[in-house]
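Please read it alongside the sequence and the model.

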Amino acid sequence: MMASAATYTPIATNTIGTSTATVTFSSIPGTYTDLILVTSGTVAGTGENGNSIILNGDTGSNYSVTNLYGVNGSTTGSNRQSSQTFMQIGRTSTSSQSISTVHFMNYSNTTTYKTAIARANDLPYFVMATAGLWRSTSAITSIAISNLNGNFNTGATFTLYGVLAA
Amino acid sequence: MILPGILASGISGHLGGNYYSIATQTLGSATSTITFSSIPSTYTHLQLRGIWQNTTSGNGYAAMTFNGVTTGNLYSGHVLGGNGSSAFANTADGQSANLFFVGSSAQTSSMMTAGIIDILDYANTNKNKTVKILYGYDTNGGTYTQEIGLASGLFMSTNAISSLTLSLTQGTNFAQYSSFALYGVK
């Protein structure tokens with residue numbers, strides 16, 4: 001079994017220079033197998049810190065998620081959302097740097113709906129894993145990332161990687 | 001630099017020249033068994049990424065075996081999961097295979113389970129082998145339950161892993177369009 005050349009490639013990176021509501025990666029090529037979105041930073045405001053993602057500009061009720069979470073080192077649970085107008089996946093905290101990694105699997109096939117799996121580390125008190133579904137067979141060509149709480153603060157980073165299978 | 005894409009599974013690595021595609025299998029028709037063989041021992045870790053579903057009318061589990069070993073009850077696993085209403089944990093020791101979740105195509109042929117399976121230090125002949133899995137499947141509240149989970153598995157063998165085989169515990173097939181890609185991490 002022969003291996004290919006190195007195949008884990010950064011497609012684009014955005015470190016925001018000012019408070020920003022939405023960061024968008026557009027014109028994503030369909031030449032990879034999976035996409036991996038890594039977000040790191042903080043947001044303004046208080047309250048809910050979930051990131052919301054819209055794919056290909058689709059604001060229809062085509063998104064759903066299932067979550068597993070732990071809070072404050074003492075509470076575990078699972079919840080879910082159906083028929084949402086965005087995919088609530090990943091988190092960004094108001095108080096300390098948060099990291100989320102979202103894997104969009106087989107994002108460019110035009111046969112299946114798109115499943116994403118993610119880990120979110122929303123310090124100081126929240127850890128989460130999420131399965132997300134976008135009920136569309138379209139290839140993903142753009143990803144818009146916002147936060148339900150407020151703008152991303154200056155210095156937040158967003159990086160999109162492509163993984164290419166043999 | 002940490003390799004962010006597999007932070008979820010805890011592997012640290014490097015971008016660029018240290019992550020390699022080894023082989024991919026995408027099913028053109030329903031298939032009962034998927035095997036990656038002749039895996040070179042030149043990497044430090046393996047990562048199996050994919051989407052999959054079964055062809056039965058219910059969710060279930062797949063069995064992953066290494067080096068063709070199905071005797072001796074050398075596999076065990078633990079999972080921390082969520083089903084949309086509560087968290088749960090399960091364990092299965094002394095098994096004939098490592099198990100991982102498979103969503104049902106009876107929900108709709110378009111909804112796939114996604115997963116990332118890390119096989120750590122797979123070529124080390126001084127250690128038993130540990131597997132880590134992040135998997136998930138959402139149905140938009142459909143008939144067949146959704147699940148998100150973090151799992152670990154143990155293969156009690158110090159042999160280097162040179163092949164892995166996937167099958168279904170229900171004895172049925174992986175559905176068409178299921179796709180698995182195997183990578184090596186230096």
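Chain A has 0 helices and 12 strands, where helices (H or I, at least four residues) and strands (E, at least two) are DSSP runs numbered from the N terminus. The model is predicted: local features need pLDDT of at least 70, side-chain atom pairs count only at pLDDT 80 or more, and totals for chains, interfaces and linings use all residues. Residues are numbered from 1 along each chain as its sequence is written, while chains are lettered from A and ligands numbered from 1 in the order in which they are written.

**Chain A overall**
- From the N terminus on, the elements of chain A run β-β-β-β-β-β-β-β-β-β-β-β.
- Chain A is as compact as a globular protein of its length, because its radius of gyration is 16 Å, close to the 15 Å that the globule rule gives for 166 residues. The radius is taken over C-alpha atoms, and the rule is 2.2 Å times the number of residues to the power 0.38.
- The C-alpha trace of chain A spans about 45 × 35 × 35 Å along its principal axes.
- Of the 166 residues in chain A, 49% are buried. A residue is buried if 20 or more other C-beta atoms lie within 10 Å of its own, exposed if 12 or fewer, and partly exposed in between, with C-beta atoms placed from the backbone.
- Among contacts in chain A with a separation of 6 or more, 76% join residues 24 or more positions apart. A contact means that the C-beta atoms of two residues, placed from the backbone, lie within 7 Å.

**Strand pairing**
- In chain A, strand E5 (residues 63-71) and strand E6 (residues 75-84) run antiparallel and are joined by 8 bridges; two strands pair if DSSP finds at least two bridges between them.
- Val71(A) has Thr75(A) in E6(A) as its bridge partner.
- E5(A) and E6(A) form a hairpin with 3 residues between them, and Asn72(A) in the turn has a positive phi of about 55°.
- Chain B holds an open sheet of 8 strands in the order E1-E12-E3-E8-E9-E10-E5-E6, with antiparallel pairing. Its edge strands, E1 (19-26) and E6 (87-95) of chain B, each pair on one side only.
- Within that sheet, strand E3 (residues 45-52) and strand E12 (residues 179-185) of chain B pair over 7 bridges in the antiparallel sense. His45(B) has Val185(B) as its bridge partner in E12(B).

**Nonpolar core**
- The largest nonpolar core has 94 residues, and those with the most contacts inside it are Leu35(A), Ile143(A) and Phe100(B). Such a core is a set of buried Ala, Val, Leu, Ile, Met, Phe, Trp, Tyr and Cys residues joined through C-beta atoms within 7 Å.
- Leaving aside neighbours within four places in sequence, the contacts of Phe100(B) include Tyr61(B), Met64(B), Ile117(B) and Tyr135(B).

**Interface**
- 46 residues of chain A are in contact with 47 residues of chain B.
- On the chain A side, E6(A) gives the largest share, 7 residues.

**Loop residues with positive phi**
- Ser27(A), in the loop between strand E2 (23-25) and E3 of chain A, has a phi near 50°. Ser27(A) counts as exposed because it has 8 C-beta neighbours inside 10 Å.
- Asn73(B), in the loop between strand E4 (60-66) and strand E5 (75-82) of chain B, also has a phi near 50°. Asn73(B) is exposed, with 12 other C-beta atoms within 10 Å.
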